[in-house]
Amino acid sequence: MEHKITVAPGITLWAEEHGDPAAPPLLLVMGANASGLAWPDSLVAALARRHRVIRYDHRDTGASTWSFDEHPYGITDLADDAIAVLDALGADAAHVVGMSMGGMLTQLLLLDHPDRIRSATFIGTMALDGGPAGSEIDPELAAVWNTMADPRDRAAELDWRVEHWRVLNGGEIPFDPEEFRRSEERIIEHSGRHDSPTAHARVGTEGLDRAPELAAVTVPALVIDPPRDPVAGTAHARHLAGLLGRARVATVPGLGHALPESAVPRLAELILEHTAGAG
């Protein structure tokens, strides 16, 4: 079931539900500049066997409103959007799974709306303080990011996105370019445009200086360690877990900053084990 949810004047978000409407809600929060369709369908289906799974497009991604240049916003507004999605769909509380920036939004939700979060799972996520001292983005990935906003036709944009995922994948789990090309073709069709989403690289970051507050969080948290992640790997996972009040770390061998189909069974197993334990 698809929805259009108004979160601010003139701004609507696309959202989609899977699974039994009476099952415990589980909200998937994707990373920066990424459509909710970047969550693999196979992962959504696996989680939907036990949950009412909700995924959505952030502002300026997918089929949601693209309007950053006319109506700029901050990262805290993106966190508020997640609560607006739950409100619109009548979900008083949900298990939340955050990927990359989505995990940073989840940290803000834990601080500001702990009563709405049954459990939190983080994948490839930096802590609100930016992570451990000395951590840096992989130079190869930084070079790809430097071309993110370059104008490209549809074919060149698809090639860029596939290369981006190849670098993000981390080099250990075999990379299937056609798997990610099919995913991005679907996202372009869903979005109705092929230009690269870049707004989240420019959002205001006020309100992120709250890492010390995470120690008081009592919501059960699972931090998935992606050892080959060129953005937020093992050091980031352990740093985030150390800041949170109730967190455990689980490693998915070979995982990078992408969600290839081959990693889905283990990810689903870990998430479902965590949500079942959280009640």
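A salt bridge here is a side-chain nitrogen of Lys or Arg within 4 Å of a carboxyl oxygen of Asp or Glu. Keep in mind that this is a predicted model.

**Stop 1: salt bridges.** Select Arg-248 and Glu-273. Their closest N and O atoms are 3.0 Å apart, so the pair counts as a salt bridge under the 4 Å cut-off. Arg-248 lies in strand β8 (residues 247–251) and Glu-273 in helix α8 (residues 264–278), so the bridge ties together parts that are 25 residues apart in sequence. Arg-248 is partly exposed, at 33% relative accessible area. Glu-273 is partly exposed too, at 46%.

Next, select Arg-166 and Glu-140. These side chains form a salt bridge of 2.9 Å, N to O. Arg-166 belongs to helix α5 (residues 154–169) and Glu-140 to helix α4 (residues 139–145), so the pair ties together parts that are 26 residues apart in sequence. Arg-166 is partly exposed at 35%, and Glu-140 is partly exposed at 42%.

Now go to Arg-210 and Glu-213, a salt bridge of 3.0 Å, N to O. Are the two partners buried or partly exposed? Arg-210 counts as buried, with 17% relative accessibility. Glu-213 is partly exposed, at 37%.

Finish this stop with Glu-16, Asp-41, Arg-55 and Arg-186, which are linked in a network of salt bridges. The model's total is 20 salt bridges.

**Stop 2: aromatic rings.** The count is 3 aromatic pairs. Select Phe-68 and Tyr-73: this pair is edge-to-face, 5.0 Å centre to centre, with 90° between the planes. Phe-68 and Tyr-73 are both buried.

Move to Phe-175 and Phe-180. This pair is stacked, with centres 5.1 Å apart and 20° between the planes. Phe-175 is partly exposed at 23% relative accessible area, whereas Phe-180 is buried at 6%.

**Stop 3: charges over rings.** The charged end of Arg-59 sits over the Tyr-73 ring, 5.0 Å from its centre. Then select Arg-193 and Trp-66. Here the charged end of Arg-193 sits over the Trp-66 ring, 3.7 Å from its centre.

**Stop 4: positive phi.** Which loop holds Asn-33? Asn-33 is in the loop between β3 (25–29) and α1 (41–47). Its phi is near 60°, a positive value in a residue other than glycine. Asn-33 is buried, at 16% relative accessible area.

End at Asp-60, in the loop between β4 (52–56) and α2 (75–88). Phi of Asp-60 is also positive, near 60°. Asp-60 is buried, at 5%.

Key. Residues numbered from 1 in each chain as written. Predicted model: local features only at pLDDT ≥ 70, side-chain atom pairs only at ≥ 80, totals over all residues. Heavy atoms only, no water. Phe/Tyr/Trp six-rings, centres within 6.5 Å; stacked < 30°, edge-to-face > 60°. Buried < 20%, exposed > 50% of the residue type's maximum accessible area, 1.4 Å probe, protein only. Lys NZ or Arg CZ within 6 Å of the ring centre and 35° of its normal. Helix = DSSP H or I, 4+ residues; strand = E, 2+ residues; numbered from the N terminus.
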